[in-house]
Amino acid sequence: MAKKPAIIILALLLTGSCAETYLTSFRDPDFAGKHYLKLLIHAPFGDLADRTTVEEAFKDQFIDRNYAVPSIGIIMPTRSYTDEDLDKAFIENKIDGVLHVELTDAYSTQSYIPPSSSTHGFVSFYGNVAKYYQTTRQYGGQEISKRRGKFEIYLYDGATKRVAWISTSLTSGNSLADFGTLAQ
């Protein structure tokens, strides 16, 4: 009987956490033909682990990983920057756009899975003796929490410093999803 919970846990780990994202975006018509060669990914989160997680997750989504660079290596959280300092850093690193990621809302939804059970039985015969075997499995009876995150993402054009593209998203994760899953 002890093997069955281990199998269920193993199955949950193998299916892993996953999330789905609904994205709505708008591109400014003035930037319709604009192409960017190198983007700075900027997630100004107070928590450095969350900032690093989001910036790396966004960088990893690009096929050419040299196309995007996390801001934490260029805009260091230990320093203050003037506009001139930022312009200089962008020129030195050949950055022509900034992808700015803001977490606007994070919450969890709770769902209760009511208990249920299923019983399976069979009869075996040995001569004049019949034996009945029965197995009952119980499922549910607990609450699960599902994480949600709302993001606003802006693409700032490096030359004009205007918003070239904006997006809002809602990411919903399953009960195993952590912040890293939502960021990806």
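**From a surface strand to the interior**

Modeller: Phe-26 is located in strand S1, residues 19-27. Strands here are DSSP runs of E, at least two residues long, and helices are runs of H or I, at least four long; both are numbered from the N terminus. The model is predicted: local features need pLDDT of at least 70, side-chain atom pairs count only at pLDDT 80 or more, and totals for chains, interfaces and linings use all residues. Residues are numbered from 1 along each chain as its sequence is written, and side-chain values use heavy atoms, without hydrogens or water.

Phe-26 has a relative accessible area of 53%, so this residue counts as exposed. The cut-offs are over 50% for exposed and under 20% for buried, with partly exposed in between (1.4 Å probe, protein chains only). Together with Val-163 and Ile-166, Phe-26 makes a nonpolar surface patch of about 240 Å². Such a patch joins nonpolar side chains (Val, Leu, Ile, Met, Phe, Trp, Tyr) within 5 Å, from residues with over 30% relative accessible area and no salt bridge. A salt bridge is a Lys or Arg side-chain nitrogen within 4 Å of an Asp or Glu carboxyl oxygen. Areas come from the Shrake-Rupley method with a 1.4 Å probe.

Now the inside. In soluble globular proteins, nonpolar side chains tend to be buried together. The largest nonpolar core here has 15 residues. A core is a set of buried Ala, Val, Leu, Ile, Met, Phe, Trp, Tyr and Cys residues joined through side-chain atoms within 4.5 Å. Tyr-36, Val-54, Phe-58, Leu-99, Val-101 and Ile-153 touch the most other members. Two or more residues each come from S2 (39-42), H2 (48-60), S4 (97-113) and S7 (142-157). S7 gives the largest share, three residues. Another core, of eight residues, lies apart from this one and includes Leu-40, Val-69, Ile-74 and Val-98.

Ser-71 sits in the loop between S3 (68-70) and H3 (83-92). Ser-71 is buried, because its relative accessible area is 0%. Its side chain makes a polar contact of 2.6 Å with the side chain of Glu-55. That term means an N or O pair within 3.5 Å; within protein, one atom must be able to donate a hydrogen and the other to accept it, and sequence-adjacent residues count only if both atoms are side-chain atoms. Beyond neighbours within four places in sequence, Ser-71 is in contact (heavy atoms within 4.5 Å) with residues including Leu-40, Ile-41, His-42 and Arg-51.

How values were computed: Patch = residues over 30% accessible without salt bridge, like charges linked within 9 Å, V, L, I, M, F, W, Y side chains within 5 Å.
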